[in-house]
Amino acid sequence: MNLSIGKYEIFHTVVELGSLTKASESLNISQSGVSHAISSLEKELGFSLLTRNKAGIRLTVNGERMLLYIREILNLNEKMLQEAGEIRGLEIGTVRIGTFSSISAVWLPGILKKFMDQYPHIKVDIMEGKQEEISLWISQGIVDFGFLMLPAADLEVLHLKREAFCCVVPENHHLGAENSIKTNALNEEKLIVQNSTLKIIHNILKSNKLSPEIAFHLDDEHAVISMVKNSLGVAILPDIALHNLPDGVKKIPLSDDRAISSIGIGSISFKNLPPAAEKFIAASTLWLNEHFT
């Protein structure tokens, strides 16, 4: 790796870890070496990139602007190295994935096993977050691609699986004996909503001209289910989030053709993905075909 790329990687690591000391440990170079690389890059560019105080380091306004380009340079460098490895017949590199908790629990263990058995020398970095965070990581080049509930604005997307939404109720709820629930039966219920599915649920309710009370907005599906278990309301959640329901709650399908979404992969450009990312997407689609067809 040439000196300029080395400076960029050091700068990027300092920003990601928020500390010169942590970057020094992560990169296995001295802290003075990290400081020298940052100072050299600032001198090369002609302005400060970081501010340093007792609370740690922060990007300057100019540093934030440069970070976008530096990420792009590092991503292109990684892609070049992977392409070179492909030419030499090596399967190397790093694939960086954004995902949300249900995918991490239900899909990723099987996908990772399949992928790592086939490509043991490719490193996989996983970042878990909310839908909006994953979309931002993709657009900023922090991850190569991300698993998302579709649609996803301003991204290229690859559909993977249709996902039905179910109603989650306490076992002793008056709807608990139903085999399926019509959406209009929820109009008098208090809804507990997961924020990542809020737009989808809003569209389902709007298309049925319903306006039930939204009792709580929560990020974590386990918290939503716990609220339901304690009879604080009912929830509408995608089936993938209901893989390990606790005692005391039931999932019941919604008898509404519009209560369907799609899980897929989002990327800035599938044509420009590094080889390692392309291989991971291929392994994901193969695993899904094996388990859901």
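This report describes the overall architecture, surface and backbone features of a predicted protein model.

## Overall architecture

The protein chain contains 10 helices and 11 strands. Its C-alpha atoms fill a box of roughly 70 × 50 × 30 Å, taken along the principal axes.

Of the 293 residues in the protein chain, 45% are buried. Among contacts in the protein chain with a separation of 6 or more, 72% are between residues 24 or more positions apart.

## Surface and charge

The protein chain has an accessible surface of about 15600 Å², and carbon and sulfur atoms account for 52% of this area.

Charged side chains comprise 28 positive and 34 negative groups. The centres of these two sets lie 3 Å apart.

## A cis peptide bond

Leucine 150 and proline 151 are joined by a cis peptide bond, with omega of about 5°. Proline 151 is found in the loop between strand S5 (145-150) and strand S6 (156-170).

## Residues with positive phi

Asparagine 28 is not a glycine, yet its phi is positive, at about 60°. The residue lies in the loop that separates helix H2 (20-27) from helix H3 (31-45). With a relative accessible area of 69%, asparagine 28 is exposed.

Lysine 209, which is likewise not a glycine, has a positive phi of about 55°. Lysine 209 is located in the loop between helix H8 (198-207) and strand S8 (213-218). The relative accessible area of lysine 209 is 79%, and the residue is therefore classed as exposed, the cut-off being over 50%.

Definitions and conventions. Residues are numbered from 1 along each chain as its sequence is written. This is a predicted model: local features need pLDDT of at least 70, side-chain atom pairs count only at pLDDT 80 or more; totals for chains, interfaces and linings use all residues. Side-chain values use heavy atoms; hydrogens and water are left out. Helices (H or I, at least four residues) and strands (E, at least two) are DSSP runs, numbered from the N terminus. Buried means under 20% relative accessible area, exposed over 50%, partly exposed in between (1.4 Å probe, protein chains only). Contact means heavy atoms within 4.5 Å. Accessible areas come from the Shrake-Rupley method with a 1.4 Å probe; for residues, only the protein chains shown count as cover. Lys and Arg count as positive and Asp and Glu as negative; His and the chain ends are not counted. The place of a charge is taken as NZ of Lys, CZ of Arg, CG of Asp or CD of Glu.
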